[in-house]
Structure formats: structure tokens, C-alpha cells
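Thanks for coming. I have one chain to show today, and I will keep to what can be read off the coordinates.

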Amino acid sequence: MASDLVQKYILTLDVGHEIVLRDVQLWEKCPDGSPVPDKVVKTSAVLIGSIDINKLPFWIGKTHQGRCYSNSSTTSAFFRSKLMRKRRESRALLIEVSAVGTSKEYLIFYIHPRDQKTANVAYFELDLALKRRLDAQMVDPKPLPLHSPNSTSPVTHIDSIIRRTQLKRTESSVKLRTLALQRDFKRKFSSMLSQCILSGLRLRDVHQRHYDELYKFTYEASEFAFRREIAELEEIGLEKIQDCVETLLKLFTRS
């Protein structure tokens, strides 16, 4: 890394689906005459989504530009997979950094086309001052200064987009986890039920002509009997399944 850079942050980055990247280091040039930071700030961040860096709106300013490094192979591989491929030259990642000072910060991570071979990840902070000024002028025709200590900026459009995106990601993660739990529960139940039915049929020496039909009837009837437990993902013991299967097979095979 360049010797004129100083380390400012180490991020713990949540990229969704319960995946967290460690050791996301942010390095910047220290302005001439400015003191070197005494310590590196450690904080958390969340991946909001991907954007096209060539289509940023005109009111987006760029501040605190720097480089991103990491000693974690997992973190490095993530950024390479998201940003390095040729068809994704204009792709960038929007990241929300937890409040360090008075407000949250939004960073754009990208790889410049000339750095595609070296995979040097760069970043800059979004400067929304112009956007907030334009929003304020739409609410109040009287021009407001760029930084007014006595004014409170209205909620910006980008903030609402970010909140909606985060909500969708949360809902999607919950839905995926629920589907995974339902799938695992159904697979476990089906396996135990199938074993019980096959054992019961073997013990009764059922004729091959009726074997498949009895298996199907018993399986469907058992599944119906446990419909509430299946819907609520309530644990069903093996003995309970065996009792149900035995009762049904006695009914279906009585002469």
C-alpha cells in the first residue's frame, strides 16, 4: 500500500444472509498540515446494494477518497467477485457506516478500470450537502446556506431509498430462513415417516400388488394427521409417527 496513506477505519461489514466480513481497512491521504490520527476507529457497516458508478446523480459529491485493504482472504475474495469482472467495470457497492460522529456515513466502493488487473479497491464518501440544500429549497423557497447550524435538513430521498432497501433485505433474509427451516423439517419428517411405513409393510408381508397403493394411502393419511405440527414446525417424535402408522396399517390391512 502507498506510504502516504494513513489508516482511518477498520470495518466489520454485514453483507446480508448472516455473512459478516472482517478487517475491511480504510486508508486515506492525510491532508497537508493535518495531524495523523492517534488511533484507528473500529466500527460496523452494512452493505446496502450495488450501483452503477457512471450513473450517480449530479448532486452527489465525493469526499474522503481512499483505498480499501484487508488481511482477510475472505474479504478480499468478496470484493474481487463483486467488482473485478470485466462485465462489471462500472459496478460499485454502496455501504452505510455506523455513526462515528453525529451522523451516519455512506461510502462507495469500486475498482477503477485501470486497476482491474491489480484489484485495488478504492472508495469515497458521499457528500449529500448539495442534495440537502436542494431539498431544503424545495420546502422553503428562501435559499439556505450549505451548512446551517440552526437548520434541520428534511429526510432526503436517498435516506428513504436506503431504508426501503434494508427492509427488503431483512424481509428476504427472514423468508429464506423460514423456507430453509420448513424444508429441513419436512425432509426429516418424510424420512422418519417413510421408514415407519416400510417397516410396517415388511412386517405384514404385504403382497407386491398392494404394496405401492398401501404406502401411498398411509403416507398421505399420516401427513394429514400431523398437518398442524407440520404447519407450525412442531417437533414430532418417532414413537408418535410409529403409533400413527401402525393404527393406519391395521385399518388398511384388516381382512
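First, the ground rules. This is a predicted model, in which local features need pLDDT of at least 70 and side-chain atom pairs count only at pLDDT 80 or more, while totals for chains, interfaces and linings use all residues. Residues are numbered from 1 along each chain as its sequence is written, and side-chain values use heavy atoms, with hydrogens and water left out.

The layout, then. The chain has 6 helices and 7 strands; these are DSSP runs numbered from the N terminus, with helices being H or I of at least four residues and strands being E of at least two. In sequence order the pattern reads β-β-β-β-α-β-β-β-α-α-α-α-α. Of the 255 residues, 35% are buried. Buried here means under 20% relative accessible area, exposed means over 50%, and partly exposed is in between, using a 1.4 Å probe and protein chains only. If we take contacts between residues at least 6 apart in sequence, 66% join residues at least 24 apart; a contact means heavy atoms within 4.5 Å.

Now the cores. A nonpolar core is a set of buried Ala, Val, Leu, Ile, Met, Phe, Trp, Tyr and Cys residues joined through side-chain atoms within 4.5 Å. The largest one has 21 residues, and Leu13, Val24, Leu26, Phe79 and Phe109 have the most contacts inside it. Elements giving two or more residues to this core include S1, S2, strand S3 (41-52) and helix H1 (73-83). S1 gives the most, with 4 residues. What does Phe79 touch, leaving aside neighbours within four places in sequence? Phe79 is in contact with Leu13, Val24, Cys68, Met84, Leu93, Phe109 and Val121. Another core, of 19 residues, lies apart from the largest one, and among its members are Phe185, Phe189, Tyr211 and Leu249.

H4 and helix H6 (residues 238-253) pack at about 135 degrees, with their axes 10 Å apart. The axes are lines fitted to C-alpha atoms over the stretch in contact, and angles run from 0 to 180 degrees between N-to-C directions. H4 and H6 are therefore oblique to each other: under 35 degrees would count as roughly parallel, over 145 as roughly antiparallel, 65 to 115 as roughly perpendicular, and the rest is oblique. On the H4 side the contact includes Leu214, Phe217 and Ala221, and on the H6 side it includes Leu248, Leu249 and Phe252.

Last, charges. A search of the whole structure finds 10 salt bridges, each being a side-chain nitrogen of Lys or Arg within 4 Å of a carboxyl oxygen of Asp or Glu.

Lys8 and Glu28 meet at 3.5 Å, N to O. This pair links strand S1 (residues 5-16) to strand S2 (residues 19-29), with the two residues 20 apart. Lys8 is partly exposed at 23%, whereas Glu28 is buried at 7%.

Glu223 and Lys186 meet at 3.2 Å, N to O. They join helix H4 (residues 208-225) to helix H3 (residues 157-203), 37 residues apart. Glu223 is partly exposed at 25%, and Lys186 is partly exposed at 33%.

Through shared partners, salt bridges join Arg228, Glu229, Glu232, Glu234 and Lys240 into one network.

That is the end of the tour.
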